[in-house]
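Student: Could you take one chain and look at it closely, including the place where it meets its partner? I would like the cut-offs stated as you go.

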Amino acid sequence: MKHACALMLLLLLCMACGCWDQRVVERIEYIVNVGVDARPNGQILYSITTPSLQAGGQPKPRLRATVVSTPREGREKLFLQSTGRLQSGKLEQIAFGEAMARRGILDYLDVLVRDPINPVLARLVVVKGTAFDFYKKAVKWPQLPLPGIYLSRLFDQAVENGSIPNTNISSFFTRYYAPGLDPILPLVKATKTRAIVLGAALFRDDKYAGELDVDETYLLGVLRGDPADHLLAVPASRLARGKRKMVVRFIGGRAKLKLEVGRDAPRASYEVSLTGLLEEFQMGYPVTEKVLARVERITAGHARRMYEGIWAKLRRANCDPLGLGDKVRARHNDYWLKHDWREVYPRIEADFRVKVEILNYGVIR
Amino acid sequence: MADTPQHNISPGQLTVFLISAQLGLGIFGLPRHAVERLGHAGWWLVLAVGFLTFLGVMIVTALCGRFQSSILTVHRRVFGTFIGTAFNLLLLAALFGLTVTHFALYIQVMKVFFFRITPFTVVAAILIAPVVYLAAKGLKTAARFDTFVYIAILALIGMMLAASREASWTFLQPLLSFKTTAFLQTMFRLTFGFVGFELLLVVYPWVREKAGRAALAAVGITALVVTTYTVFTIAFFGEEFVIKQVFPLLNLVRTLQAPVIERLDIYFIMIWLPAMGSSAGAYLIATQLAAVEIFPRLPYRILLAILVALVFLAVLPITRFDRVLVLTNYTGTAGMFVIGILWPALVWLAAALRGVRG
């Protein structure tokens with residue numbers, strides 16, 4: 001029996017030595033960034049960046065692009081120019097140009113979810129202008145690490161301070177398919193020297209339909225229950241003459257939603273509690289208890305006005321990133337079944353009651 | 001003889017053997033089938049089918065306990081040698097079908113995730129070989145190896161806890177909104193996620209004591225794990241996205257990330273791999289034990305070699321993934337409702353009417 005087992009093992013080793021699915025690292029070019037831009041007749045401009053080693057061992061990003069119908073076709077076409085097999089296993093970001101995002105992005109994500117080798121945690125972003133131009137600038141950014149690494153760090157940091165939403169391919173799909181819930185993605189632009197995060201791109205289904213700036217994205221995050229640490233410059237003309245501002249660092253926030261569903265459109269009431277620190281206060285007089293109370297009131301009023309602006313933008317874009325539709329579906333299913341949420345959503349009135357608590361104001365009054 | 005196959009197992013080993021048989025492969029497509037017609041309330045169905053397995057175990061225990069033997073012996077005692085052997089051969093064929101289906105699914109999971117270019121025959125040979133080794137050593141060794149399933153369950157719980165922040169519990173509401181007709185229609189599609197308990201019909205005489213309690217514990221643990229997992233999957237992906245997934249479990253692990261090592265999916269599958277092998281292995285061993293009882297004159301390992309060769313030959317043509325899924329529907333229904341519940345109940349009834357006892 002032992003001989004038979006040994007023979008069997010030997011046979012298996014012989015059969016397994018082919019290693020059909022082996023991937024030799026030296027023969028692979030890892031795609032780190034992907035860009036997708038709209039082209040006429042349903043075509044796309046598919047661009048990728050890969051790190052390539054230069055003489056002396058310094059990695060240098062390399063940008064390639066091709067016009068195709070699908071991302072996988074694009075990858076195979078670019079493979080014809082490559083020294084190694086192109087693999088997406090280390091993909092960090094997928095950028096969509098504005099025009100492409102307006103056309104709809106879902107179809108171009110299919111391959112990333114279907115193929116288990118692809119990481120579904122890669123970040124999706126919308127870039128101002130085209131993704132190709134974004135990467136064209138990115139590969140020339142001086143004094144910065146490779147674009148994939150730099151952008152990863154940039155986005156991680158921006159997520160931590162709530163300036164952009166924390167989304168990836170998997171969460172985009174979940175939000176896209178969930179009834180009464182819409183996805184949002186980070187919005188970013190490139191300059192000659194670096195990238196700048198701009199806030200959030202609002203999506204109606206899979207189409208880019210509006211945007212929020214970084215402060216608005218943070219406040220939206222509070223409503224969504226995403227914790228963050230965010231600085232907000234608050235106009236303080238009521239505290240001192242001139243167009244002065246004070247800076248509040250929000251370190252905590254939570255929101256309570258009350259949803260009234262009647263015969264007509266539902267009504268949403270948010271009670272928002274923000275806690276923060278007064279980081280900058282240049283009014284020329286000390287912070288007393290009375291002043292602090294005024295600071296809190298002014299900050300709360302500013303946040304409330306911002307919330308009203310955010311709500312107007314969400315209604316205009318007919319984008320429901322807060323999942324009000326999902327909540328109506330869950331708790332008022334009869335209403336949900338009788339109404340078309342896309343038609344109801346822009347008619348929803350929302351009011352915001354904001355309370356701000358300043359925990360401290362540093363070591364000087 | 002040290003090398004003689006050992007089959008006597010303790011109640012604890014029976015529990016882990018049955019959990020492995022049910023959970024290792026059955027869990028993969030379960031949430032998708034559950035939400036296909038019932039939507040977000042599909043997890044109720046998973047729970048309901050879980051309760052049915054309790055019924056199955058009670059019937060099997062009543063039957064095998066009455067005779068203190070396997071169903072193969074019961075067949076001959078109740079129906080006589082000729083008809084009894086015919087029923088035994090039918091049972092052997094059914095177990096063989098379930099074994100082939102489990103191996104086919106096992107191979108497909110590995111093909112889809114890891115070995116997409118590697119020839120089917122090579123993947124099949126590599127995956128079947130360790131299971132054959134366990135089967136050659138006997139039920140006891142296999143049951144000991146099956147303890148790995150507890151680690152797999154812990155990994156699953158850990159994964160759900162790690163991803164729980166991303167779950168949206170409103171996806172599960174309204175809690176009681178489903179159609180009863182859809183409930184009944186969909187039930188059959190979930191059976192593959194629960195088959196495995198019916199192996200008690202064959203392994204019963206090898207359990208030292210309290211086989212019934214151990215089997216109930218096994219189906220209880222399985223029902224709890226798969227229901228929790230289905231609830232979590234719906235809350236994590238939402239019903240609409242779950243429907244679109246072939247194996248929600250594999251997509252769930254793809255969303256996990258850890259510092260430095262980044263993707264955790266490979267590690268999770270590495271942990272789950274023994275559970276998958278155990279699931280297919282449990283069927284192979286049960287089929288082998290049934291074959292040994294039907295053909296007592298053939299040596300154990302010769303019979304095993306013939307069985308493995310037949311399984312290998314039967315698996316080879318099933319290279320298409322969608323065919324495996326169809327196969328799981330048929331064999332799952334046959335395994336759970338016919339072999340696990342209906343047939344033992346009929347045999348018990350026949351034995352009671354004829355007044356036959358062990």
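Tutor: A residue counts as buried when its relative accessible area is under 20%, as exposed when that is over 50%, and as partly exposed in between (1.4 Å probe, protein chains only). By that rule, 59% of the 358 residues of chain B are buried. This is a predicted model, in which local features need pLDDT of at least 70 and side-chain atom pairs count only at pLDDT 80 or more, while totals for chains, interfaces and linings use all residues. Residues are numbered from 1 along each chain as its sequence is written, chains are lettered from A and ligands numbered from 1 in the order in which they are written, and side-chain values use heavy atoms, with hydrogens and water left out.

The C-alpha trace of chain B spans about 60 × 45 × 35 Å along its principal axes. Among contacts (heavy atoms within 4.5 Å) in chain B between residues at least 6 apart in sequence, 85% join residues at least 24 apart.

Where chain B meets chain A, 34 residues from chain B and 33 residues from chain A take part in the contact. The buried area, meaning the accessible area (1.4 Å probe) that the two parts lose on being put together, summed over both, is about 2900 Å², with carbon and sulfur atoms giving 61%. On the chain A side, Trp20(A), Asp21(A) and Pro116(A) supply 21% of the area that chain A buries against chain B, more than any other three residues. One salt bridge, a side-chain nitrogen of Lys or Arg within 4 Å of a carboxyl oxygen of Asp or Glu, is found across this interface; Arg116(B) pairs with Asp115(A) in a salt bridge whose closest N and O atoms are 3.0 Å apart.
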